[in-house]
Amino acid sequence: MKRTLALLMGLAVVTASFTACGSSDSSSDSKKAATTAASTETASETETVSEDTTASETTAASSEAASEESSSEAEEEEEEENYDTGDASLDNPRNQDDIGENELLVLSFGTSYNDSRRLTIGAIEEALEKSFSDYSVRRGFTANIVIDHVKRRDNEVIDDVKQALDRAVSNNVKKLVVQPTHLMNGLEYNDVVKEIGDYSDAFEKVAIGEPLLTSDDDFKRVENAIVDWTKEYDDGKTAICFMGHGTDAESNGVYAKMQELLTNDGHTSYFVGTVEATPSLDDVLAKVKAGGYEKVVLEPLMVVAGDHANNDMAGDEDDSWKSVFEAEGFEVKCLIRGLGENEEIRKLYVEHAQKAIDSIK
């Protein structure tokens, strides 16, 4: 019989997914697709070997072609790899065993930007560890593409959700509390809940904490945190623009809600946009131009400062937020830091974890 799974959903603000910013995810996907396409092309070429070629010769030709293709692909990937993201050895993957009966599993999308991973996800994990000494804090990432990226480049092993849960089982954990670092309560969060639910028989008690933006109070506190974080730039001449990820799903409404809160509370120099949805960069640019601002401060509205922050926001390509604003004559300053670096944000995650722990005492 299933044991009780304590799910703390709170006041659900949205019902669709938000995917946090990782690192070089799309480029890794492209490379994997290219590898697959190349392998298919190699197989097709092998099939054209003349009929009088022996089976062994055909096999040898195929193996040699595949080997050369794989080697070429690996060399190309090695050349394009970005190692300048910090020292991975400073990060704690939190995948140790022999942890006792109580585990607090922190699940994040993840990022391969080593410094940001340590300063954001790592800092949240440390805050939870300090607050809950009776629990062993462990890490899991939902993005296998990030896990593979870090393993290949830095040889750092990070558990995915299944591996983290299997590790908890093998460690004979009896009380499991899971705290996601997701921004919102959407499809990805629900997927995590389902996967954990499938393991509920393996533990005596299981509880799942709320994501960052769940209740109206959460929104208000995040608003206050980001305003306080950037108040030194709010001089009437500077537009302070936060860049979120964005999604086509209904959960994208959190950005409009945050913008409404900021505006209604008198923070009229603050603007919220997204990389992949609305409000778009064009929407934010139009508002900034209409406001007659001279300068622009850009900052990610994301837990980590990964690929989106470093490239889509602060990159030198013509279509980055920085380049677009500069092309319009604005003086631009980029603050490349994730929300996980903010102490008030970390406190909110701790409080959500506390509610989960209290539910199974």
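How many of the seven residues of strand E6 (residues 238-244) are buried? Seven of the seven are, so E6 is largely enclosed by the rest of the structure. Buried means under 20% relative accessible area; exposed means over 50%, and partly exposed lies in between (1.4 Å probe, protein chains only). Strands (E, at least two residues) and helices (H or I, at least four) are DSSP runs, numbered from the N terminus.

This is a predicted model, in which local features need pLDDT of at least 70 and side-chain atom pairs count only at pLDDT 80 or more, while totals for chains, interfaces and linings use all residues. Residues are numbered from 1 along each chain as its sequence is written, and side-chain values use heavy atoms, with hydrogens and water left out.

Look along E6 and follow its side chains. Thr238, Ile240, Phe242 and Gly244 point one way. Ala239, Cys241 and Met243 point the other way. Residues on both sides are buried.

## The sheet

Strands of a sheet pair through backbone hydrogen bonds, either parallel or antiparallel. Here, four strands form an open sheet in the order E7-E6-E8-E9, and the pairing is parallel. E7 and strand E9 (331-334) stand at the edges, each with a single partner strand, so one side of each has no neighbour in the sheet. Neighbouring strands are turned by 25° against each other on average, direction ignored. Two strands count as paired if DSSP finds at least two bridges between them.

Now take the pairs in turn. E6 and strand E8 (residues 295-300) run parallel and share six bridges. Thr238 has Lys295 in E8 as its bridge partner. Four bridges join E8 to E9, and Lys295 in E8 faces Glu331 in E9. In E8, five of the six residues are buried, so this strand too is largely enclosed by the rest of the structure.

## Helices on the sheet

E6, H9 and E7 make a right-handed β-α-β unit. The crossover is called right-handed if, with the strands pointing away from the viewer, the path from the first strand over the helix to the second runs clockwise. H9 (residues 253-264) packs on the sheet and touches E6 and E7. Its direction makes about 175° with that of E7. Helix H10 (residues 281-290) lies across E6, E7 and E8, at about 160° to E7. Contact means heavy atoms within 4.5 Å. Axes are lines fitted to C-alpha atoms, for helices over the stretch in contact, and angles run from 0 to 180 degrees between N-to-C directions.

## Where H8 meets H9

Two packed helices are described by the angle between their axes and the distance between the axes. The axes of helix H8 (residues 216-230) and H9 come within 10 Å and cross at roughly 65°. The crossing is right-handed.

On the H8 side, the contact residues are Asp216, Phe219, Lys220, Val222, Glu223 and Val227. On the H9 side, they are Val254, Lys257, Met258, Leu261 and Leu262. By class, this contact has seven nonpolar, no polar and four charged residues. Ala, Val, Leu, Ile, Met, Phe, Trp, Tyr, Cys and Pro count as nonpolar; Asp, Glu, Lys and Arg count as charged; the others, Gly among them, are polar.

## Backbone exceptions

Most residues other than glycine have a negative phi, and most peptide bonds are trans. A cis peptide bond joins Thr278 and Pro279, with omega about -5°. Pro279 lies in the loop between E7 and H10.

Arg94 has a positive phi of about 50°. Arg94 sits in the loop between helix H2 (55-80) and strand E2 (102-108). Is this residue buried or exposed? Arg94 counts as buried, at 5% relative accessibility. Asn155 also has a positive phi, near 55°. Its place is the loop between helix H5 (144-154) and helix H6 (161-170). Asn155 is exposed, with a relative accessible area of 56%. In H5, by contrast, the buried residues include Ile145, Val146 and Ile147.

How values were computed:
Left-handed = near helix turned anticlockwise from the far one by under 90°.
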